[in-house]
Amino acid sequence: MNLQEYIQSGTVEAYVFGVMTPAEKDAFERLLQVSPELQQALTIVELQVEQFAASQAIPPPPETRQQFHDFLHGLPILKKGIGAPPPNDGNGKGNGNAGINYIPAFDITSSHIKVHKNWRIAFLVLFIVSKIFLAFLIYYIIKFYDARSQVKQLQQHEQVQKAGK
Amino acid sequence: METLIIKETLKSKLNTGVEPAVEFLYTNYSSMLYGYVLQFVPDRKEAEKVLVLVFGTLASRLQEACNSPLSVYCWMQVEARKVILEYKKQQNGNSASTGHPPVNGQPKNAYYLSLLQDASEEQRFVFSEIFLQGKEKEELANKLKKNVHDISRLLKESLLIMQKNLQ
């Protein structure tokens, strides 16, 4: 396949759309470095894609910008600066979706929080211990009232005896 | 009309810090990317969250955009697709009820599928499965009982039809 056939085979579009396998992507980028013709074809497709994207643009609601700011200020990158190594998707297989392990660990789309599994055991132990304490509490309250009523009875008995004397 | 950003502009913004750079990209490209996200995630509220996730994820990788052979916008679009597909994968793992675009027929925002009116059903299906659903070529080949070469051919044919309609 000569260069013209390569360009016309849809390879440039596949690169711009990100649907190449890592091997195809590497080969394309190597050829791109030595072929001004391929570079020109790439620029043309990129411009068409950008113009199409601009024609399909839909402004997000204004509150999305605030959500974006909130999200951004939670990112460590803003505190540390650039330094995170870029994910390398050059060795995986597939259509270029490898290496997406850099999504922040928290999920902004969920109203739930995730906790470590060990907390389940801790909560279970806490629940059981609290039930035991509750049982003891009830037992001692009953004992306390029993004892108090016995004391009252004894006091009454003593008063009766004193009055008899 | 959005202003297209060249790499030199992004580099100079990055020299002042990540936040001004990503803010600058958001100002210029959020509408274009929101339209793009909607073809994968048709629900607007969900698409807004995904858009925030896309910009937040790309914020730490803007130096890559400067080094990529792709233009800044095309780089963002390619990387945004990876984030969207990963998001959808996670959502599908949690629940089967997340909105994904219908394979047969068109989602609310047809976007690239609107450029495939002249394509065959098979070409549209292959494009939709690989591009919109993030299926592997091997996986799709097995599903359709075809070889990977045929799938690659159908995908490239659909991309050429699309490119013809982009002109």
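Q: Let's begin with chain B: what share of its contacts with a separation of 6 or more comes from residues 24 or more positions apart?
A: In chain B, 64% of the contacts with a separation of 6 or more are between residues 24 or more positions apart; please keep in mind throughout that this is a predicted model.

Q: And how many helices and strands does chain B have?
A: Chain B has eight helices and zero strands, and from the N terminus on its elements run α-α-α-α-α-α-α-α. Of its 167 residues, 49% are buried.

Q: OK, how many helices and strands are there in chain A?
A: Chain A has seven helices and zero strands, which run α-α-α-α-α-α-α from the N terminus on. Buried residues make up 16% of the 165 residues in chain A, and among its contacts between residues at least 6 apart in sequence, 60% join residues at least 24 apart.

Q: Now the contact between the chains: how many residues does each one put in?
A: Chain B contributes 54 residues to the contact and chain A contributes 45. On the side of chain B that touches chain A, at least two residues each come from α2 (18–38), α3 (44–58), α4 (62–67), α5 (72–94), α6 (121–132) and α8 (148–166) of chain B.

Q: Which helix gives the most to that side of chain B?
A: That is α2(B), with 11 residues on the side of chain B that touches chain A. Taken by class, the residues of that side divide into 29 nonpolar, 12 polar and 13 charged.

Q: I'm curious about α3(B); how many of its residues are buried?
A: Of the 15 residues of α3(B), 12 are buried, so that the helix is mostly covered. The buried residues include B:E48 and B:K49, along with B:V50, B:L51, B:V52 and B:F55. From its first C-alpha to its last, α3(B) reaches 21 Å, which is close to the 21 Å expected at 1.5 Å a residue.

Q: How does it pack against helix α5 of chain A, and at what angle?
A: Helix α5 (residues 63–73) of chain A packs with α3(B) at an angle of about 40°, and their axes are 9 Å apart. The two helices are therefore oblique to each other, and α5(A) passes α3(B) in a right-handed crossing.

Q: Which residues make that contact?
A: From α5(A) they are A:T64, A:Q67, A:F68, A:F71 and A:L72, and from α3(B) they are B:E48, B:L51, B:V52, B:F55 and B:G56. By class, this contact of α5(A) with α3(B) has six nonpolar, three polar and one charged residues.

Q: Changing topic, where is B:F40 found, and is B:F40 buried or exposed?
A: B:F40 is found in the loop between α2 and α3 of chain B. B:F40 is buried because 25 other C-beta atoms lie within 10 Å, where 20 or more are needed to count as buried. The C-alpha atoms of B:F40 and B:I84 are separated by 7.4 Å, although these residues are 44 residues apart along the chain.

Q: One last thing: what is the phi of B:K145?
A: B:K145 has a positive phi of about 55° although it is not a glycine. For context, most residues other than glycine have a negative phi.

Q: Where does B:K145 lie, and why does B:K145 count as exposed?
A: B:K145 lies in the loop between α7 (137–144) and α8 of chain B. B:K145 counts as exposed because there are 7 C-beta neighbours inside 10 Å, and 12 or fewer is the cut-off for exposed.

Key:
Residues numbered from 1 in each chain as written. Chains lettered and ligands numbered in written order. Predicted model: local features only at pLDDT ≥ 70, side-chain atom pairs only at ≥ 80, totals over all residues. Contact = placed C-beta atoms within 7 Å. Helix = DSSP H or I, 4+ residues; strand = E, 2+ residues; numbered from the N terminus. Nonpolar A, V, L, I, M, F, W, Y, C, P; charged D, E, K, R; others polar. Expected span 1.5 Å × (residues − 1). Axes fitted to C-alpha atoms, helices over the stretch in contact; angles between N-to-C directions. Parallel < 35°, antiparallel > 145°, perpendicular 65-115°, else oblique. Left-handed = near helix turned anticlockwise from the far one by under 90°.
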